[in-house]
Amino acid sequence: MLKKTHAPQMIGLVLVIFFALFPFVYSANDYPYIMHIFITGFFYAILASSWSMLAGYAGQFSFGHMGFMGIGAYTAALVSHYFYMSPVPTNFCTEFAIGDSYLIILNPIGVTSSTLAQDCLKQAMEVWNGSVEVTPIPVWLSITLGTLMGGIFGLLVGALVLPLRAAYLALFTLGFSEILRAVISAEIAITRGQAGIELRYMFEDGITLFGRRFEQTDKLPAYFVMFFLLLLCLGILALLARSKFGLFVRALREDQDAAAALGVNTTRYKVMVFVITSMMAAGAGAAMAHYVGIVSPNNIVILQMSLVVAMAVIGGVENFVAAAIGAILLEFMLEMLRSSFVIGPIEVDMTTWRLVVFGVLLMLTLRFSPKGLLMPIIEYFTRGHIAKETVAKRDEPKMGDASRTESSQ
Amino acid sequence: MEFPVIFWGVFAWMISWGVVGSVVTRRVYLNKDLDTSNAGMVGSMLGASTGPVGLILLWIKTPPITSRMMLFPSLAAVGVFMVAFAIADPNNLCVVNGSFVASQISNGLIIGIIYGFMALGLTLIFSILGVVSFAHGEFYMIGGMITYFVTTVWFPGINPMIGIGIACIATFAIGATFERLFLTPMYSGKIGRPVEYGILITFGLAFTLQYFVQALVGANPVKAKRFFDFPRIRLPDAADPWLIKTSRGNLELFDTISISNPRFTAAIMCILVFIALMYFLRRTWTGKALRAVSQDREAAAIAGINPDRMNMLAFALGSMIAALAGAMLVQAFSWLPQVGAIPAMRSFVIVVLGGLGSIPGAFLGGVIVGLVEAAGTGCIPDAQQAASYIPAYGMFVLILTLLLRPTGLLGRRFSSATHGKF
Amino acid sequence: MKKTLFSVAGFAAVLAVSVSATAVLAAECPIKIGGLAPLSAPGAVGGGEAMRDAMLFAERDINAAGGVLGCDVKVVIADTEGLPEKASAVMEKLITQDGVVAVGGGYHSSVGVAAKDVSNARKIPTVFAETWNDTITGDKQKFIFRIAPLSSWASATLWKAALRVPGIKKVAIVTENTDYGIPAAAETKKGLASGGVEAEIFGVDIGMQDFSGIVERVKAGKPDYIIVLNTGEAGYNFAQQAADAGIGPQDIPFQAGQVALESKAWWENVPDGNMAFVQRIGTPVATWNAKAKKLNEDYKAKTGKDAIESYALEAYDSISILAQAINEAKSTDGEKIVTALENISHDGTLGRIYFPYGSKKDPSVDGKGDEWWHQWPDPAMTMIQYQKENQNSTDAPIIWPDAYKSGDAIYVK
């Protein structure tokens, strides 16, 4: 029945069912915390798998992935923080009539430490004295807007930098994240800088599912939203990888000039991959922002990007499923490694050392198992469909390749 | 800003003619079957500085592009920009206060020299290995840390030169070891995409080193004492020292420009080492071998140079240069395991601006970036935000470079394959 | 195929169940209290480690005195990394995984703002130690208390002390662009304006090293007084680079950032830092009670520092006041602890700690703002001045306010 080559699919299915059932069977009293780790794990899994598509499949080593995540998160945050719908005009805010109701744009009041400063909506609310109810922008809409904004920025950055090759792309995207962080930190009046901007929770008013009531702080709805997003992203990535599009993209990675000679519009395909993966990062960021309820520019720092890169590489940068699983595993490991332990007289504080362990693991993986730690296991079972051409080409260099191999000395 | 309309108007005018110039000029040159590689750059700069007048002349005559044709319009564009700024904001410190401008420029120059020196290490590594070392900032940090520990904690009162020497030796060793252990697979063709492997593995090294140092020494800021005191100088005479006046920690020129001792010694040291390095690269056999490898690996190998050995030397030397910059600056700045990130970023900007692989370009780029940052910090009207954007100024330079002249100011093409065909 | 599917599903279910079976229920004893502190970058690790040490001393002292409700107390330290988005997760972990009954500590304001909502929603009493932002208590949440000074009020120390500088006309305020620095700078500027003094604010990115450009700009404005609101190493970097450029503490009246209180690090990082003014929380050392003095000795012995920092004292008190509240409530129930806290009179290292405003008396009754809700009204804010090189910050004379004054200010010019 079970063929050896089907094993990865089976394991994948087991994992999906495991994650789908987990919230219902697990019942220890650290339940919210474990759920939180998984939700964060799914978030990193989306980032790591889309980054592996970009880096591993298409060969574009962008360090701006967290920057795009930040664009999604901040777009969602700004929309959720500053925009409301109201049936009557406030007469305090900037507002536009849309049909019967008004789109209200709040005035930014910046970071204040006193509670006396009020934005225009609060002033209006005081005048109304509870007689009018304003509607916030729905969460799904702000996540969608965040995703789209990620796509737009992805297009701009991609069109600017993708005609260049590896080293420049890496430098530029790193700088792009840095510029973004600096702008968000500096424009305090709007973004609230380091203080972080608060936004609505994903299910601010709670939600009732199958007759069960979930409050805003309950993890289960957010868990499934994130899980669903992850599956959606993996699905899109799988479609991409199998399509003609994926073939082109891999051709690009293997030999850009040959692909160009065969008539593949290299820049166009590179930009397309870049835009799609940026949108995934932005969408994940927007959803995560709504789950956490606050975003700050510290998510865009290089450490966070290093984590995503490490997760993808350790999982297996040439396979997005491996990268996703690697991300979830490593997120779990990072959280569990926090406790310190004692060897003889020395107390090892794992809060700091765990990141050293992580870095060493990343370097050793790159050096001795460049396909990652999970990928070889998957490959053992299947000389599967996804990486087939790649593998074949690598293993038996043909005549035409000889010159390439030598010239890369 | 008093007349923002003037400034933004001129700015928009420059941008739009720059874009028009860049796009149309390239097309015009292409139609006439001329070399288009720098046509965009010349067109945009000419458009930005002279508007339609210069552009139409250029399109009619289409002269072959020389470096002079790139230099003068660029300077003119910068000039137009500055004049517009001065007219729009007549009360700005940068417009009315000459001594302020002089001290900002001297500051920019000095810090630019130091960062240019640091970027030199990056460019050296790149020209030999074809790898951008993302761990460059961490070597800078380690250089400073070791110097601090040697001169202040372990052997207080020791000659700081010994501390700097130990830092150099240690980072040279770390660089060489890392290269042997982790970068060698790049050369053998075992790794499918060596450039990307190089990026990732140095990225991993940066991560590891930073947290390793943090775990070892903690996160309290430390700082070394001033390495040398200035002698007391009063020129031209003690009563009215308008030319040069020094105290132990400060040097004042013309009563306006004041340079702090740590920066001054760091910049002098960087210049001296730069000269020594130039001598090494141009006059010694090993140096010549290094340059030969950077120009043509295969030919160098035929001439009896072992390129692998040169790889190790280049990586170790480049890392050591970053560490030396850190060792000199640990007397100027408070030091933490995280200090490497910002200088590393600046180095990246500098090498791209100067041209990846070009040694004089790194120095030139360093000075330009130093000046741009000084101008941004000093001249942006809103004081509350001017300094917040310091990390971003360099990035604007980077974007402009990538748009106008991706090979950098003094960039060149590399013959061997690993160096990426830009 | 269907059969395989079923077996796969069954396997997954078994896996999930077996995972859940391994979890264990938290025991009743010891009673756990959470302690928030930033222990990794980008948080202020130095401050976090000081608070951690102090909170562990609090645990030791409480247990030495017989513990709480017949149990030992365990302080569970949680690393907030100084990140607001981490804060809520960490609070969640403390409450649900570690099973803490109350939470103390807290350094960064942004962390406090984010974490308070979680603990309030989960009905876990929280006493914040060093989060200054007014909104933390300003939201009038039932389970949130604070013993740190209010930001708006701390700013008043800054500008009132500044207004006493003779001949003051123009002030330069250099601030980090955070939720601590920006509001404090704005409030100080407003306060100075009320005294007819002009102020210019210079914002800088946290983690900036090279201040030369901004120092020149400050210098060109010819200020009579400089106020620095940078935490972390930026506070040292700016002070020393200003001194290098001739506008340091020895050249014009100069109020250094909070980090200057760590005397050892201050003199190492800012050798030209003599004559700097520093804002300090807590009463003068000479007037410290026995508890504070003992803690100071223990702390110095453990850390090798010159003296205990004020935020370490606050952290210590935030834990011990919770222990007392649990004892008085005779329960670990959140609501009962809150009632006990609202009625508490705790002899802490900072003095007598109590919360006059809360559910029994709204701050508006006394015409005070919402931020006085569950707020200790008496943290002493003083201004000290280093007047000798290598002086210890606890030995430096207090020059303001007059109630605590132990020496005259020296205004350099």
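Chain C splits into domain 1 (31-150 + 298-372) and domain 2 (152-285 + 381-404), with the bounds coming from an automatic or database domain assignment. Keep in mind that this is a predicted model: local features need pLDDT of at least 70, side-chain atom pairs count only at pLDDT 80 or more, and totals for chains, interfaces and linings use all residues. As for labels, residues are numbered from 1 along each chain as its sequence is written, while chains are lettered from A and ligands numbered from 1 in the order in which they are written.

**How the domains meet**

- The C-alpha centres of the two domains of chain C sit 28 Å apart.
- Across the boundary, 16 residues of domain 1 of chain C are in contact with 19 of domain 2 of chain C; contact here means C-beta atoms, placed from the backbone, within 7 Å.
- On the domain 1 side, the elements giving two or more residues are α4 (109-121) and α12 (310-329) of chain C. Helices (H or I, at least four residues) and strands (E, at least two) are DSSP runs, numbered from the N terminus.
- That domain 1 side has seven nonpolar, five polar and four charged residues. Nonpolar covers Ala, Val, Leu, Ile, Met, Phe, Trp, Tyr, Cys and Pro; Asp, Glu, Lys and Arg are charged, and the others, Gly among them, are polar.

**The sheet**

- Chain C has a seven-stranded open sheet with mixed pairing, in the order β7-β6-β8-β9-β10-β13-β14; strands pair if DSSP finds at least two bridges between them.
- At the edges are β7 (198-204) and β14 (398-400) of chain C, each pairing on one side only.
- From one strand to the next, the twist averages 30 degrees.
- Strands β10 (277-281) and β13 (381-385) of chain C run antiparallel and are joined by five bridges; one partner pair is C:R280 with C:T382.

**Helices on the sheet**

- Helix α8 (212-220) of chain C packs on the sheet, touching β6 (170-176), β7 and β8 (225-229), and makes about 175 degrees with β7(C). Angles run from 0 to 180 degrees between N-to-C directions, with axes fitted to C-alpha atoms, for helices over the stretch in contact.
- Helix α9 (233-244) of chain C lies across β6, β7, β8 and β9 (254-256), at about 155 degrees to β8(C).

**Where chain B comes in**

- The contact takes 30 residues from chain C and 34 from chain B.
- On the chain C side, α2 (45-64), β7, α8, α9 and α10 (263-269) each give two or more residues, and α8(C) gives the most, with six.
- By class, that side of chain C has 12 nonpolar, 10 polar and eight charged residues.

Key:
Contact = placed C-beta atoms within 7 Å.
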